[in-house]
Amino acid sequence: MRVPEEVLRIADDIRCMRIRGASRIAQAAARGLKLAAQLYPGGDREDYVKYLQGVREALRSTRPTAVSLPNALSYVMSRVMKAYDSGADLRELIDVTVKSADEFIGYSRTATKRIGEIGAGRVVDGDIILTHCNSSAALSIITRAHEEGKEIEVFATETRPRYQGYITVKTLRDRGVPVTLIPDSAVRLVMKRVDRVFVGADAVAANGAVVNKIGTSLIALAAKEARVNFFVAAETYKFSPTTVVGELIEIEERSPLEVVPEEFLRSCRNVRVRNPAFDVTPPEYIDAIITERGVIPPQAAILVLKEEYGWALKDYMLKATAEIEEAL
Amino acid sequence: MDASCREVLEAIRYGRIQSATKAALSVLEAALFCLRRVSSVNEAKATLRDFFSEALEARPANALLMNVIRGAILAVRGRLAEGDLEGVRRAFERYYRDTVKLVKEVNETIARMAVNRIESGDCVMTYSYSTIVLKALKLAKDEGKEVEVYVPESRPGLEGLRMAKELSDYGIRVTLFVDSAIRYLMKEVDKVMIGAEAIAANGAVVNKVGTSLVALAASEARVNVFVLAPTMKFSPETIYGELVELLERKPESLVSEDKLKEVGLRLGEGFGVKVPMFDVTPPEYIDAIITEKGLIAPQAVTFMLREIYGWPFQFAPVRELLGEACESP
């Protein structure tokens with residue numbers, strides 16, 4: 001399918017991590033569909049839907065793990081398909097695409113802000129907070145607590161291999177929050193002094209397990225050991241509807257060159273580099289997930305999924321049942 | 001102070017020499033080199049006092065360093081008091097030679113015992129750079145055991161890369177990954193083997209920062225953790241409640257100016273950088289310490305200390321000893 005140059009550029013930015021973070025990826029994906037709608041060269045409504053599905057696939061295939069990406073695309077596409085099924089003409093379909101994409105982006109921004117307001121309630125004056133990677137939702141909480149006048153200090157991990165922690169340090173410093181950078185290997189050492197951990201999420205599975213930047217589960221383990229509260233900040237569009245029907249969330253493994261230079265690999269013939277981008281934190285290490293709908297225990301993830309994705313779940317269930325029947 | 005001594009101090013302080021064993025032996029070697037150049041006993045005293053004090057400050061947690069300095073001073077103390085410069089040199093040289101030989105022998109013994117714990121097909125995780133662990137893994141390979149080694153990069157310092165290279169050069173298969181992936185990959189691991197900077201009286205192990213995370217993740221996954229360390233790394237000072245001092249490095253050793261510039265940051269402008277060098281692994285996460293005298297539970301460290309220092313414990317605290325023996329007349 002013909003995917004416009006401008007949209008391919010967004011897809012490439014997501015793939016090469018110039019656009020990173022589950023919320024930012026989701027918003028970029030919605031923006032991609034909107035752009036595609038506006039750039040549609042013309043044709044009929046059947047052709048438009050096929051074109052848009054091609055665009056969706058180009059955006060979806062960029063990163064395998066973040067659920068916010070397919071969820072954002074589904075948010076827009078399900079509305080387009082509904083309009084299509086009820087006989088909307090091409091002009092209307094384009095309007096629905098643009099409107100739904102804007103709606104999603106607006107919703108996403110509001111959700112992150114709302115998470116900040118809700119999560120800040122969990123921060124106590126004098127807290128030392130630890131965060132990992134660079135999560136807009138987690139930073140929203142920290143920033144909000146700071147704005148409320150709470151005296152807080154933050155430890156930010158470097159977050160190898162791509163050092164997103166540096167961006168966290170920059171953001172917090174610019175907002176006037178005292179922040180200290182530490183290597184990822186020092187999280188257990190500093191955990192004794194930490195009061196609360198706030199991290200983001202790339203995906204939340206049906207059982208409440210949280211997929212996030214590699215290292216998150218190690219931090220959760222160290223927090224549990226030190227009896228430090230561990231919070232995950234996640235918009236509801238990071239919950240994964242497909243996990244309800246038993247699908248696994250694929251953990252992306254990225255290039256070894258993010259970890260070591262090429263010369264090193266060439267000089268070490270027996271060395272293989274593993275570079276998983278994410279890990280899975282089991283629900284028992286998580287005290288709560290802070291969503292824009294409220295604070296929930298991780299085990300109640302299914303509640304969010306049923307309430308927010310009831311429509312999609314039915315589809316997935318039907319699809320799964322059909323596949324089973326076909327196999328039989 | 002002599003340039004070669006300065007160089008050694010720099011190297012052990014900022015981690016260019018991370019291995020506790022190499023750090024301790026380099027200090028002895030540099031001291032010997034300097035002793036050959038001094039022209040009076042007083043000069044020898046001043047050299048030893050200044051250099052050893054700074055070395056102890058550069059690596060305050062290194063128990064082996066403390067113990068060999070104690071040993072060296074005890075070896076030359078008599079000659080120093082007599083004012084016999086040639087005798088001091090001879091005694092020091094003998095002590096240095098004996099220590100190098102002893103360290104080599106005990107490390108070999110420990111590595112041999114550790115190999116008994118490695119089965120063919122094992123996947124062994126290690127951390128940082130350890131001379132003894134490296135030796136054990138090479139021995140296992142020599143015995144025809146198929147071993148795969150999992151090595152975290154070990155920031156700051158990246159000693160894992162050096163460990164990976166030396167293993168790879170020896171024909172051992174290595175998997176390298178960022179420190180954050182320790183828990184993710186622990187499920188694939190059969191055993192953890194690490195070295196030590198020092199072992200405290202309660203069996204707690206001081207080692208490169210991140211070691212305690214490895215041990216914690218191993219304990220969660222029910223993977224056995226072995227610490228390979230000679231009894232010379234037991235810290236008698238801790239019996240009397242002395243805390244092991246955990247050194248931190250300069251921010252520059254973690255962050256590069258270029259990396260910071262990319263995001264618009266500069267060192268010293270409104271944010272902190274904490275660069276710890278060591279952490280402490282509690283004894284409950286360690287299945288055994290493999291010493292040259294055999295494999296022991298970490299809680300049995302005091303028992304071994306009694307074997308070495310008697311009961312009640314008798315040893316001279318190293319800083320006091322240094323002060324007394326090298327006092328200016």
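Modeller: B:C326 is buried, at a relative accessible area of 0%. This is a predicted model: local features need pLDDT of at least 70, side-chain atom pairs count only at pLDDT 80 or more, and totals for chains, interfaces and linings use all residues. Residues are numbered from 1 along each chain as its sequence is written, chains are lettered from A and ligands numbered from 1 in the order written, and side-chain values use heavy atoms, with hydrogens and water left out.

Biologist: How many disulfides over all chains?

Modeller: Zero, from a search of the whole structure. A disulfide here is a pair of cysteine sulfur atoms within 2.5 Å.

Biologist: Which cysteine sulfur is closest to that of B:C326?

Modeller: The one in B:C34, and the gap is 13 Å, so it is too far for a bond. B:C5 is another buried cysteine, with a relative accessible area of 0%.

Biologist: Switching to sheets. What order do the strands of the three-stranded open sheet in chain B take?

Modeller: The order is 5-6-9, with antiparallel pairing. Strand 5 and strand 9 of chain B stand at the edges with a single partner strand each, so one side of each has no neighbour in the sheet. Helix 9 (residues 211–220) of chain B packs on this sheet and touches strand 6 and strand 9; its direction makes about 30° with that of strand 9. Contact means heavy atoms within 4.5 Å. Axes are lines fitted to C-alpha atoms, for helices over the stretch in contact, and angles run from 0 to 180 degrees between N-to-C directions. Helices (H or I, at least four residues) and strands (E, at least two) are DSSP runs, numbered from the N terminus.

Biologist: How many bridges join strand 5 to strand 6 of chain B?

Modeller: Two, between residues 198–199 and residues 205–208. Strands pair if DSSP finds at least two bridges between them. B:A198 stands opposite B:V206, and B:I199 stands opposite B:V205. The two strands form a hairpin with five residues between them, and B:G203 in the turn has a positive phi of about 90°.

Biologist: And strand 6 to strand 9 of chain B, how many bridges?

Modeller: Four, again antiparallel, with strand 9 at residues 278–281. B:V206 faces B:V280 there.

Biologist: Now the interface. What area is buried between chain A and chain B?

Modeller: About 4,200 Å², with carbon and sulfur atoms giving 64%. Buried area is the accessible area (1.4 Å probe) that two parts lose on being put together, summed over both. The contact takes 50 residues from chain A and 54 from chain B.

Biologist: How many salt bridges cross the interface of chain A and chain B?

Modeller: Four. The rule wants a side-chain nitrogen of Lys or Arg within 4 Å of a carboxyl oxygen of Asp or Glu. A:E158 and B:R155 meet in a salt bridge at 2.6 Å, N to O. Over all chains the count is 53.

Biologist: A:E235 pairs with A:K238. Are the two buried or exposed?

Modeller: A:E235 is buried at 0%, and A:K238 is buried at 3%. Their closest N and O atoms are 2.6 Å apart.

Biologist: What is the salt-bridge partner of B:K191?

Modeller: B:D122, with the closest N and O atoms 2.7 Å apart. The pair links distant parts of the chain, 69 residues apart. B:K191 is buried at 9%, and B:D122 is buried at 7%.

Note on methods
Buried means under 20% relative accessible area, exposed over 50%, partly exposed in between (1.4 Å probe, protein chains only).
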